[in-house]
Amino acid sequence: MTTPKPRIDHKWGMVVDLDRCTGCQACVVACQSENNLPINTKDVFLQRRAYEWIRIERYWEGEFPNVKARFIPIMCQHCENAPCEPVCPVFATYHNDEGLNVQVYNRCIGTRYCANNCPYQVRFFNYWEPVWPERMRHQLNPDVTIRSRGVMERCSFCIQRIRRAELTVERQEQGKLDHKTMKERNFLPACAMACPTNALQFGDQGDASGPVHHYFEEANHRLEERHHRTERVEEHPSRVYRLLEEMGTKPNVIYLKRVEMFPVKKEA
Amino acid sequence: MQEGRVLPSRQINADLLRSILNSPKWFWISVAFLAFFVLAAFSTAGFLINRGYGVTGLNNQVLWGFFITNFVFWIGISHAGVMLSAILRLSKAEWRRPATRAAEVLTVFSLMTAMLMPLIHTGRPWRTLYWIYTLPFVPYDFARGIWPNVRSPLVWDPSAVYTYLTSSILFVIIALLPDFAVLRDRTTGLSHRIYSVLAMGWQGNARQWKLQIIAGVLLSALILPVFVSVHSIVSWDFGMAVSIKSWHSTIFAPYFVVGAVHSGVSAVVFVMILLRWAYGWQDYIRLEHIDALGRLLVVVATGWFYFFVMEILFGFYGMESDELAVRNMQFMEQPWNILMFFFVGLTYFLPVGLWLTRSWRRNLWLMSIACISVNIGMWLERFLIFVPAQARKQVFTFNWYTYAPSIVEIMIIVGTFAMVTMLMLLLSRVVPLIPLYDIKEGDILKTQVQIGRRTVPATFRED
Amino acid sequence: MAAGEHSHEGMWVFPAPEAVTQDMAEKAEAMPKAIARALAVTGILFALGIAGFVMRALDDGFGAHGPWGYYAAIFMFLFMVTGAAPLAAVAFRFTKSHWRRPLSRVSELFALLGVLNVIMFIPLMIVLPSIKNPEVGVEELEIRRSIWFETPIGAPLAWDFLGLLFLAICSLAILWLSAMPDMAEGRLTATGFRRKLYSLLAGRWYGTKRQWILHKVGLGLLGAFYFMLLVFVQFTVASDYAMSLVAGWKDSIFPPLFTLTSFQSSLGLILVTLFIMRRWGGYEQYIGVSPFWSASKILLGLTLLWAYHTFAFLITFWYGRLEIEQNVLKYFFFEAYGGAFAANLFFSFILPFLILLWNPVRKTDWGPTLAGLSALCGAFIFNLKTFVGAFNAGDVYAIFFEFIPGPTWPDLWDVFMVVGGLGAAAFIYLAATRLFPILSVWETKEGAKYQKMDTLVRGRYLVLAKPE
């Protein structure tokens, strides 16, 4: 008989500080190798079927020569009200009690409805059976399933790492599971670990000592206030925002606005 | 209203059973021709399942392409059966009589064909079979708590479609009972035995007729909500999706239903013209029937056009840049704008222009052209609703792309058309596609009223 | 004609044709006490309405549109039911329905209220906020969302007004054309100023074959034109005065739903009028149960369609979970006007559906009437909720409808205007029944010729002729 395991009611969240992001794509590569993503060959790319669980979107602002590149890392936003979840006929994607939007590959039948209903374009369909060159066989991460063709996949916040951290804590510290021990065991997703400028911060929203806690406090507080307001008021300026807030999806990823030292001059 | 002569029952039997009792020369040739395409489509589907979805033209942006378009198209065609049988039966339109059977059978076959589409469309069809297609037949694995997600429109879909399919089959069979009995009495050997079973002991006594009529009327009334729900739910597959702009429109349900009736009734008219030509049923499928259907179609088409205009107009209404991008694509960018032009012309202006004139409604060639043009147009309509909306550049991606179907998809689409035609042809060998008893009943109820110097056709009212 | 075998409900038994004409003329000229009293009461209400209007104008002026919500609602209600009422005659004449005959003039007479609609619309033109934002504030649009986009010349007011005007003219033309044969007969039987009026209106009608053919074609063309124009005007007016005033409310099913509600409630209105005529107006021998029974099936269909369209709207907005759509749902359907929506649903769908479900009830005269009355109440609440809500939904130039206000309750002037509007409509209609025969005599006589009882096998059945 197993005794009920001690647990923390996690609610994971990520904060993306665009002021720190340099667009170096280290997160993309880290994710690719951590999560056993198939290699985006030229063929696949030309078929427009290449995918990355986290990607850097690049935009240009201004007219030449007064021009600036903008970039924003986009991964699954793990929405509280995820539009992708209710439309899946087989519960292959659902919300777990840790605030994560999880994908059950075994259940997925590949209707691709979830991808159509995702406003962030972060869900991808496996058009081909994934193959790796022979010499890369040992590169694959044994903790992560290789998805067969015909299923959907997307960022999982490296759930395998979170689970491994929990297991390690349980095994080594006789179940002293709290935010501190968890942090010591390193549950960070691959992208956050790889980020050289710490632009990606990951943690428990409830952990007051964690890196993301106060950002989520602020964002949720603002949302709450806005819902109870009856007229427009001047809001206190803040860097915190979520993508496509008006969709009502309530993402568990928060973005921090870039602070513009040298803004692009607007034409008069 | 009723032109044409009243024929003796013996001749009605002989004429309408002609398709079953003697087989014309062209019959097996055309069946073989169609069977070739059906087989090709099935092999292609096998290839697709074997190799994976990479062999289609879909990509990260356009995830639903030809298969979904075709699915909605055939579901649309299936709406003819109830429109003609149930609604016209309840409203006691006399001219429905020769059209009902063909319409109902077309309903059944197009529904069957339509449901193949989402099966092939999914990434792992073998699992789809288990999850979705067993829904009406086999109980779920409830013991292990494996449930489908009833919040998903993709679960509403098969529920509605299979309810519709089941009730349509019942509808056809109930209407067929008297005709099966006629066939039972005119065949020998094995076919006699099969028809005996199918006729379910039909004797044609008063009680059986009463029950048959009650069952018919009851089913007509019960099937109507199902009929409306089917295409509404199909439309909600798209209407519920907030992220693809231009799909999330409240008007989709009625718009799709009216469009479905439009294309379905046109298809039935075309089938009737084909039957009339193939089996020489000029005395049964008369010009006045085609004429009446043509007038019905003008009304349906205009209703459809109203909903179409509403849909487009309120697409622009919001003035949201992402929705405008879709509309811009549909109306301004090649090749969508050319398709759009043909779609509107073929669905509304050409056919309605042809249907407005009485003599043109009675010209079978023009009528065929109009009906085919409606169906091409309605196919394009679905395509233009689904694909450009997905192919436009989304908010958060640089990776957008258009869609071109691969040969695999085209083969399968062609195969579905061949399949419905082949099944209709094969069924015409087995059951009369014009209900014998309905024609006879209509003949009995025909009478005349003398007004002044004129003799006006009239009908007996049963209530 | 009086065949004496009144064995079928769908069969009418008439006195001789001349007697019908005579009877109609007498009925139109007589002024029974009940009608005189009703005219007086509705006249007083009419006056109250005008008083309420004047007081509202003095209190609030025409600057802001908010205070005019109830006025807009009552205008929309009258426009909705009376605008669509003549369609019943047009549509059922088009489908050659035999049972429509006693009903067509009743429905066409509502055309006279088109004039009232046009007059009542004028103040609404003044209060409608302009499409271009006069001073663009924070988070406001320069041009508010409307069906007119870049505002063609005169939009939206001139177009709405012209639409209403043409609608009124067209429906009057239908009434005139349809009543022409009756008035030609009336100029022989009527007395006094009616005789002059009839001979003026009947023109050169002598009932030649050519005239009858032209009459038929004219009615068909006018009817088709009226139908299309009505749908169009309902679309423009309804979206200008409801959807466009709620920032960001984008709902393509609203105009069809409005039109559908108008069909349902106008059929209800016609049934109620028919019932009153049959029960208290002395028309019992002309109006059988058959029109009620047949119309009840149409009403049932429209009721179901209403529920279907409402559901299609609700589920799309509810499932989408976009903030703007949630706010619209909260405001109009669940929170601020939640009670009104519940009442609307009850009267427009649940009650009529439960009544009309039963064939024995449908075959009475009171059953369909009750359902019709309920549909009428439902449409009234629909308009109150929609237009009062839309007129008080806050900043019309905002990017989207963000802050949900509470419901707006009527004050005394609003009550005056609402009852006054209803009174005015009833007053005009009642007065019209004193001028024109309320039964379409030619259609009734025509119908009598197309019917007969005949034997089929062992039973006696009704036979209906359908000339091409």
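**Interfaces, core and local backbone geometry of the predicted model**

The contact between chains B and A takes 35 residues from chain B and 36 residues from chain A. On the chain B side, helix H7 (125–133) and helix H8 (153–186) each supply at least two residues. H7(B) gives the largest share of that side, 4 residues. By residue class, the side of chain B that touches chain A divides into 17 nonpolar, 15 polar and 3 charged residues. The contact of chain C with chain A takes 8 residues from chain C and 8 residues from chain A. Here the chain C side comprises 4 nonpolar, 1 polar and 3 charged residues.

The structure is a predicted model. Its scores are ipTM 0.92 and pTM 0.93. For chain C the average pLDDT is 88, and 97% of the residues score at least 70. Residues 1–6 of chain C fall below 50; beyond near neighbours in sequence, this stretch has 11 contacts in the model. Where pLDDT is low, the predicted coordinates should not be read in detail.

Chain B contains 18 helices and 2 strands. Its radius of gyration is 23 Å, close to the 23 Å that the globule rule gives for 463 residues, so chain B is as compact as a globular protein of that length. The C-alpha trace of chain B spans about 75 × 60 × 45 Å along its principal axes. Of the 463 residues in chain B, 50% are buried. Among contacts in chain B with a separation of 6 or more, 79% join residues 24 or more positions apart.

The largest nonpolar core holds 341 residues. Within this core, B:Leu106, B:Val265 and B:Val268 touch the most other members. Helix H3 (residues 69–94) of chain C contributes the largest share, 19 residues. Leaving aside neighbours within four places in sequence, B:Val265 is in contact with B:Ala80, B:Met83, B:Leu84, B:Leu293, B:Leu296, B:Leu297 and B:Val300. Another core, of 7 residues, lies apart from the largest one; its members include B:Val449, B:Ala458, C:Tyr461 and C:Ala465.

Helix H9 of chain C covers residues 254–280. At 1.5 Å a residue, its 27 residues should span 39 Å; the end C-alpha atoms are 38 Å apart, which agrees. Of these 27 residues, 23 are buried, so H9(C) is largely enclosed by the rest of the structure. Just after H9(C), C:Gly282 takes a positive phi of about 80°.

Two residues other than glycine also have positive phi. A:Gln25 has phi near 70°. This residue is found in the loop between strand S1 (12–17) and helix H1 (26–34) of chain A. A:Gln25 is partly exposed, with 16 other C-beta atoms within 10 Å. B:Ser246 has a positive phi of about 80°. B:Ser246 lies in the loop between helix H10 (206–239) and helix H11 (252–279) of chain B. With 26 C-beta neighbours inside 10 Å, B:Ser246 counts as buried.

Cis peptide bonds occur in chains A and B. One joins A:Phe64 and A:Pro65, with omega about 5°. A:Pro65 lies in the loop between strand S2 (55–61) and strand S3 (68–74) of chain A. The peptide bond from B:Gln334 to B:Pro335 is also cis, with omega near 0°. B:Pro335 lies in the loop between helix H13 (321–332) and helix H14 (336–355) of chain B.

Technical notes: Residues are numbered from 1 along each chain as its sequence is written. Chains are lettered from A and ligands numbered from 1 in the order in which they are written. This is a predicted model: local features need pLDDT of at least 70, side-chain atom pairs count only at pLDDT 80 or more; totals for chains, interfaces and linings use all residues. The expected span of a helix is 1.5 Å times one less than its number of residues. A residue is buried if 20 or more other C-beta atoms lie within 10 Å of its own, exposed if 12 or fewer, and partly exposed in between; C-beta atoms are placed from the backbone. Two residues are in contact if their C-beta atoms, placed from the backbone, lie within 7 Å. Ala, Val, Leu, Ile, Met, Phe, Trp, Tyr, Cys and Pro count as nonpolar, Asp, Glu, Lys and Arg as charged, and the others, Gly among them, as polar. pLDDT is the predictor's confidence in each residue, from 0 to 100. A nonpolar core is a set of buried Ala, Val, Leu, Ile, Met, Phe, Trp, Tyr and Cys residues joined through C-beta atoms within 7 Å. The radius of gyration is taken over C-alpha atoms; the globule rule is 2.2 Å times the number of residues to the power 0.38.
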